[in-house]
Amino acid sequence: PSATVAAALQGQNIPDDMVDLSFTLTDVATRYFEDLPPLRGALGTGRLTGDNFRLELKDGLVLLPSGNEVYFRHGVMTTTELAAKLSPTTFRVQGTAAAPALLELIDQEPLRLAREGGFDPAKIDGEATVELTIDVPLARKIPDNSVRVAATAQLDKAVIRDVLDGLSIEDGRLSVEVDETAVRASGPVKLNGAAANITWTRPIGTDGPVESDIIVEAELAQPDLKRLGEEVAEIISGPVKVKATARLSSAARSSRG
């Protein structure tokens, strides 16, 4: 009805039962958020009702500036309160790739999650899956500081070189969470060949030196102690249960165990 359309132009919602439009998409090329590298070759569906919009895409590729690729598995955009000046919108994107490619993707502007989290793609290998969630009020001009970004990832066969002085992670299965406050990673790994569980936390957005906390728990036999260093094997005889905590700072390093 014309009165409903007129009211919508003044910011009032159109009832969902008055509009219901569905459509399908193939061979989609789109930028799913700001200047992130575009998605190509996807297919999906969209649905618009009076006050809500949902776009669902799957199966595509994101080509990164380096030439690396991220396989786009699934993505959903949902927007509510379409008549409002600021319409709440959520993007959820799932992808798989080699770990360096995935780090490159989440480090693109405006996300910068890799550098904020202290990740160095040159030191990390493995296979990764990620789910990226972006909450933003949709508008012609998005207000400053209104975008919320979070990511969860699973790293398989993870390799992180020189995670501590002289120590590297191999064959890891790490769960990683990133939000506005911190990066958190945990899971079973091999630390210089010795089986261990590791938990790592690094704050984001703090002023001054950034401190990361690492907790390592393991039961080490004598060969494991030797792999950690001849000095360790000379002092301790295995098997021995170990829980070590290290705090790494951009200014200094300390440890206790």
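A residue counts as partly exposed when its relative accessible area falls between the cut-offs for buried, under 20%, and exposed, over 50%. Keep those cut-offs in mind as you look through the views below, which come from a predicted model.

**View 1. Phe-23 and Phe-53 form a stacked aromatic pair.**
Start with two rings that face each other across the chain's numbering. A pair of aromatic rings is described by the distance of the centres and the angle of the planes. For Phe-23 and Phe-53, the centres are 6.5 Å apart and the planes are 20 degrees from each other. The structure holds one aromatic pair. Phe-23 belongs to strand S1 (residues 20–30) and Phe-53 to strand S3 (residues 52–63), so the pair links distant parts of the chain, 30 residues apart.

Helix H1 covers residues 2–9, and its buried residues are Thr-4, Ala-7 and Ala-8. Just after the helix comes Gly-11, which takes a positive phi of about 95 degrees.

**View 2. Thr-133 is a buried residue of strand S6.**
Find Thr-133 in strand S6, which runs through residues 124–138. Thr-133 counts as buried because its relative accessible area is 17%, and the cut-off is under 20%. Which residues is Thr-133 in contact with, once neighbours within four places in sequence are left aside? They are Thr-90, Phe-91 and Arg-92, together with Arg-148, Val-149 and Ala-150.

**View 3. The largest cavity holds about 100 Å³ of space.**
Among the residues that line the largest cavity are Tyr-32, Val-62, Tyr-71, Phe-72, Gln-94, Gly-95 and Leu-132. Which elements give two or more residues to this lining? They are strand S4 (69–80), strand S5 (87–98), helix H2 (99–106) and S6. Sorted by kind, the lining residues divide into 10 nonpolar and two polar, with no charged ones.

Terms used: Residues numbered from 1 in each chain as written. Predicted model: local features only at pLDDT ≥ 70, side-chain atom pairs only at ≥ 80, totals over all residues. Heavy atoms only, no water. Buried < 20%, exposed > 50% of the residue type's maximum accessible area, 1.4 Å probe, protein only. Helix = DSSP H or I, 4+ residues; strand = E, 2+ residues; numbered from the N terminus. Contact = heavy atoms within 4.5 Å. 1 Å grid on protein atoms, 1.4 Å probe; cavity = no way out; pocket = protein on both sides within 12 Å on 5 of 7 lines; lining within 4 Å. Points joined across faces, edges and corners; volume = space filled by probe spheres on them. Nonpolar A, V, L, I, M, F, W, Y, C, P; charged D, E, K, R; others polar. Phe/Tyr/Trp six-rings, centres within 6.5 Å; stacked < 30°, edge-to-face > 60°.
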